[in-house]
Structures are given as C-alpha cells and as structure tokens.
Amino acid sequence: MKKIETKSGNLSSSRREFLEKSGSIAVMSIFGLGFFTACSSSEDMDPQQPPQNPPTSGGGSNGITISGNTVRIDLDVQTGLKTAGGWLLVVDAQTLIVNVGGSYSAMTSVCTHSGCDRNWTFGSNKFTCTCHGSEFDTNGNVLKGPANQALRSFSTSINNNILTITK
Ligand code: FES
C-alpha cells in the first residue's frame with residue numbers, strides 16, 4: 001500500500017478524517033478559493049526530477065481509480081467537484097480537474113515550464129503553478145509565463161456520477 005499523500009484546505013473535520021484514513025491515491029482537493037501549498041520558490045523544487053509515472057491501478061476508497069491512462073472519479077464521494085469552481089489534483093495520475101460551470105475540464109498537472117506536477121492553486125478561473133508562478137486557464141492555455149506552452153488537455157465524460165478522464 002502506498003503512503004497516502006493529501007493536502008487540503010477548507011475541509012470539515014469529517015472530510016479531513018476521511019482523507020487522512022482513506023485511499024492509496026495521493027489527492028489534493030480544494031473546493032473554493034485561497035489554498036496555497038508550501039512550495040513558493042524554485043530553491044525547494046527539483047525541476048530536473050522526472051515526473052512520476054502514475055500507477056496502473058488505484059485503491060478507489062477515496063472515489064478515485066486509476067487504471068492505465070484512465071482516471072475515474074466517483075462524484076458522490078468527491079462531492080466538491082460537483083460545484084462550479086471545485087477542483088482536484090490527482091497526484092498519482094498527474095491530473096488536474098476542474099468544474100467549469102457544470103462541465104469538466106481535465107489536463108496534465110505537469111507544468112510545461114519545468115515539470116512541477118503538484119504545486120497548484122486554483123482561483124479566479126485560473127490554475128497557478130506555484131513553482132515559478134505560471135498561470136493557465138481552465139483549458140490549460142497559458143495566461144502568464146514563464147511557461148509558454150499549454151497544459152495537455154484530457155477528454156472527460158460522465159455517466160451515473162462517475163467522471164471518466166482519458167489521458
Ligand atoms: S514549473 Fe515553473 S512555473 Fe511551473
């Protein structure tokens with residue numbers, strides 16, 4: 001069983017307990033604004049580290065299952081994604097997901113600047129990579145450098161409250 005890695009903000013204690021106890025997939029989820037992760041400078045990141053490969057399967061106890069290039073998210077478990085502006089970073093799948101007015105957009109979490117894959121915030125309809133401050137819109141397009149290439153988008157579909165992302 002992999003070590004659980006979670007980072008969260010604005011969570012109720014029951015949700016925090018759930019995240020602390022659940023799953024084998026590292027997930028960062030923020031539903032709302034104003035969450036910042038610890039990395040704020042390039043000194044404490046190693047952009048030369050190759051991105052981690054996602055596992056071929058996930059535990060699913062947190063409503064998330066990773067199988068090859070497919071990520072499935074049970075929206076009845078990850079309920080924050082049901083709200084416009086709700087977003088999720090699935091670290092093990094290197095995937096960002098955001099609810100944009102009721103539809104879903106998914107993209108790689110590997111920043112096109114130097115490859116940071118888990119230092120993301122979301123607010124005002126934009127993702128910010130806090131490694132060096134690049135900003136991207138909800139389709140992954142660059143709003144502000146130093147990144148100069150869009151994040152690769154993934155296709156999404158939803159069926160019976162299961163959001164499927166195909167990388
Ligand atoms: S890795 Fe430099 S801004 Fe994202």
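In the predicted model, Asp 74 is partly exposed, with a relative accessible area of 22%. This value falls in the partly exposed class because a residue counts as buried under 20% and as exposed over 50%. Asp 74 lies in strand S4, which spans residues 70-74. When residues up to four places away in sequence are left out, Asp 74 is in contact with Gly 63, Asn 161 and Ile 162. Asp 74 and Ile 158 are 84 residues apart along the chain, and 9.7 Å separates their C-alpha atoms.

Strand S6 comprises residues 95-100 and is mostly covered, with 5 of its 6 residues buried. S6 pairs with strand S5 (residues 86-90) in the antiparallel sense, over 4 bridges. Within this pairing, Leu 89 has Leu 96 of S6 as its bridge partner. The hairpin of S5 and S6 has 4 residues between the strands, and in this hairpin Gln 94 adopts a positive phi near 45 degrees.

S6 also pairs with strand S7 (residues 103-108), again in the antiparallel sense, and this pairing involves 6 bridges. Here Ser 105 in S7 is the bridge partner of Val 98. In the hairpin of S6 and S7, 2 residues lie between the strands, and Gly 101 has a positive phi near 60 degrees.

Terms used. Residues numbered from 1 in each chain as written. Predicted model: local features only at pLDDT ≥ 70, side-chain atom pairs only at ≥ 80, totals over all residues. Heavy atoms only, no water. Buried < 20%, exposed > 50% of the residue type's maximum accessible area, 1.4 Å probe, protein only. Pairing = 2+ DSSP bridges. Contact = heavy atoms within 4.5 Å.
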